[in-house]
Structures are given as structure tokens and as C-alpha cells.
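I opened this model to look up a few sites and their surroundings. My notes follow in the order I made them.

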Amino acid sequence: MRKKIVAGNWKMNLDYNEGISLFSEIVNMVKDERKGDQLAIICAPFIHLNSLAKLGGTDVTIGAQNIHDKENGAYTGEISAKMVKSVGVEYVILGHSERRQYQAESDELLAAKTKIALANNLKPIFCIGETLDERNNGSYYEVLKKQLVEGLFSLTEDDFRKVVIAYEPVWAIGTGLTASPEQAQDIHAFIRSEIEANYGFNVADDTTILYGGSCNPGNAASLFAQKDIDGGLIGGASLKSRDFTDIIKALNS
């Protein structure tokens with residue numbers, strides 16, 4: 001049975017002390033709301049990972065926001081999967097739309113990052129999504145399929161089972177817009193059907209697929225009520241302990 005997950009993405013926010021303070025609040029609040037089979041993840045900037053991994057315990061799991069696609073070497077300013085794993089991190093976001101846009105990350109590069117993450121026992125939260133132009137011109141199914149095929153579908157079945165997919169409509173990130181529950185369900189069902197076509201029903205049925213487009217306490221319950229939506233990848237709302245906890249509560253509604 002697939003996991004229900006709420007993963008917070010702090011992006012480039014919070015200095016060291018601010019991060020510790022917020023995380024401590026989240027841990028104390030989440031322990032009263034999270035059910036046994038649910039997972040709360042905080043994906044933090046690199047400066048926080050070591051400290052948060054020590055504070056999280058069993059209530060909040062730690063994720064990174066990126067890794068390099070090489071094991072090691074002369075790549076100044078980069079962080080390897082091995083480094084991230086060594087401080088107790090379990091998950092890593094790959095393919096976020098901001099990195100696809102601002103760092104020009106290609107599907108080929110993301111496939112390499114996914115494989116090196118898995119080789120180092122990190123579980124990828126692999127993001128896919130379409131822009132507003134792609135939504136409006138009707139090409140979004142093709143766009144999403146290409147991201148899946150080129151980024152993930154070369155994995156073995158065993159490795160693919162370790163991947164979490166996050167659908168993030170790029171047009172709904174930081175804009176205040178949100179896909180309707182029906183729009184989000186349509187895409188999540190499409191993603192699951194593509195997984196089934198490549199790996200079979202059982203793998204598709206076991207794959208956790210998150211919604212990641214301006215999910216907040218006000219709309220989380222209606223999104224999570226959809227058959228194929230298994231939680232959320234949360235941006236701005238993960239910077240507020242009450243909002244993040246309320247989104248976790250929405251998994252239970």
C-alpha cells in the first residue's frame with residue numbers, strides 16, 4: 001500500500017537559527033497529528049541537514065533539495081549524494097521546476113541524478129509539471145510523459161519502487177493559482193496510467209504521487225480526497241508550523 005506523504009520544501013529560506021526554531025515547532029506539533037503510516041518530510045537547505053537529522057527522530061524525516069550527478073570530484077560548490085546521505089538524509093527533491101527553469105536541468109541530467117541518488121540509498125522525490133503555455137496549448141500530457149520517460153522509465157522495477165513522484169503544475173507555483181481537485185486528479189491518474197503501462201498495475205498502484213502547486217490548509221483536504229493524490233509537496237506553507245501541521249491533518253480528513 002502506497003505511503004501518504006506531506007513533504008515541505010523550504011527552498012532558499014531561513015538562516016541556521018530560524019531553521020532550528022521552525023523545525024523544533026514542527027516536530028512537536030506533527031507528533032500529535034501524524035498517523036503511523038504517514039510520512040512528514042522537511043527538505044531543507046544544505047546548512048540545516050546535519051542538525052535537523054539529529055532533531056527529527058521518528059516524527060519528521062529529512063530530505064535535501066538537490067544533489068550533483070557525479071559521485072565526487074572537482075565540482076566547486078556542489079554537494080554529492082554520498083555527502084547528503086552521510087548526515088542522515090533519506091529523501092532528495094529532483095527536477096523541481098525552479099531548477100529546471102533557472103539551472104536548465106534537463107531530463108537526461110535528472111535521470112543521472114536519480115540513479116546516483118538511488119545508488120547512495122536516497123529516495124528521490126521526482127518532480128514533473130507543465131508551464132502555463134503548455135497547459136493552454138494542450139500539450140501537457142506529452143510534456144509530462146516525456147519527463148517520465150526520459151527521467152525515470154529507464155530504472156529497473158526495484159529502483160522505480162523507491163521513487164516518489166510530485167506533480168507540480170508550474171503555472172500554480174507561487175502564483176496563488178491552484179489546479180482544481182478535478183484537474184489535479186486527472187493528471188495524477190494519467191501519471192499512474194503511464195507507470196502501469198511501463199511497470200504494471202502493482203507498481204503503479206504502489207507509487208506515491210504528490211500534488212505540488214500552492215497546496216495550503218484551505219485546499220489540502222479537497223485535493224487529498226482525490227483517489228490518486230497521496231499527499232503534497234509544500235512550498236510556502238511549510239515555512240509556518242501551524243500551516244504545515246494542518247496540511248498533515250488534512251491527510252486524515
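How many disulfides does the structure hold? I searched this predicted model and found zero disulfides.

**Entry 1: the cysteines**

The cut-off I applied is 2.5 Å between the sulfur atoms. From the other end, C127 is in no disulfide either, and its nearest cysteine sulfur is that of C43. I then asked for accessibility. C43 has a relative accessible area of 0% and is therefore buried. C127 is buried too, at a relative accessible area of 0%.

**Entry 2: the active-site record**

Which residues does UniProt mark as "active site"? The unreviewed entry gives H96 and E168. They are spread over 73 residues of sequence, yet they cluster in space, with a largest C-alpha distance of 8.2 Å. Of these residues, H96 is included in the lining of the largest pocket.

I took H96 next. It sits in the loop between strand 4 (91-94) and helix 4 (97-102). Is H96 buried or exposed? Its relative accessibility is 6%, so H96 counts as buried. I listed its contacts, leaving out residues up to four places away in sequence: H96 touches N9, K11, C127, E168 and L233. One of these, E168, is the other residue in the "active site" record.

Then E168. I placed E168 in the loop between strand 6 (164-167) and helix 9 (181-199). The relative accessible area of E168 is 2%, so this residue is buried. Its contact list, with residues up to four places away in sequence not counted, includes G95, H96, S97, C127 and I128. The list also includes G129, E130, I173 and G212. I looked for what the side chain of E168 reaches. It reaches the backbone nitrogen of S97 at 2.6 Å.

**Entry 3: the binding-site record**

The record lists N9, W10, K11, G174, S214, G235 and G236. Of these residues, N9 and K11 are included in the lining of the largest pocket.

I looked at N9 in detail. N9 lies in strand 1, which spans residues 4-9. At a relative accessible area of 5%, N9 is buried, because buried here means under 20%. Where does the side chain of N9 reach? It reaches the backbone nitrogen of K11, at 3.0 Å. Leaving aside neighbours within four places in sequence, I found N9 in contact with C43, Q65, I93 and H96, among others. Its contacts also include L233, I234, G235 and S238.

S214 is in the loop between strand 7 (209-211) and helix 11 (220-224). Its relative accessibility is 23%, so S214 counts as partly exposed.

N219 is in the loop between strand 7 and helix 11 as well. N219 has 13% relative accessibility and therefore counts as buried. With neighbours within four places in sequence left aside, N219 is in contact with T178 and S214. The side chain of N219 reaches the backbone nitrogen of N216 at 2.9 Å.

**Entry 4: strands 1 and 8**

I checked how strand 1 pairs with strand 8. The two run parallel, joined by four bridges. I noted one partner: G8 bridges to I234 in strand 8.

Which residues of strand 8 point one way, and which the other way? In strand 8 (residues 231-234), G231 and L233 point one way, while G232 and I234 point the other way. All of them are buried.

**Entry 5: helix 2**

Last, I looked up the buried residues of helix 2 (residues 46-56). They are H48, L49, S51, L52 and G56. What do they pack against? I found helix 1 (16-30), strand 2 (38-43) and strand 3 (61-64). Just after helix 2, I noted a positive phi of about 60° at G57.

Terms used:
Residues are numbered from 1 along each chain as its sequence is written. This is a predicted model: local features need pLDDT of at least 70, side-chain atom pairs count only at pLDDT 80 or more; totals for chains, interfaces and linings use all residues. Side-chain values use heavy atoms; hydrogens and water are left out. UniProt positions are given in the numbering used here, feature names are shortened, and annotations may be inferred rather than shown by experiment. On a 1 Å grid over the protein atoms alone, a cavity is a set of points where a 1.4 Å probe fits but cannot get out, and a pocket is an open set with protein on both sides within 12 Å along at least five of seven lines; lining residues have an atom within 4 Å of a point. Buried means under 20% relative accessible area, exposed over 50%, partly exposed in between (1.4 Å probe, protein chains only). Contact means heavy atoms within 4.5 Å. A polar contact is a pair of N or O atoms within 3.5 Å; within protein, one must be able to donate a hydrogen and the other to accept it, and residues adjacent in sequence count only if both atoms are side-chain atoms. Two strands pair if DSSP finds at least two bridges between them.
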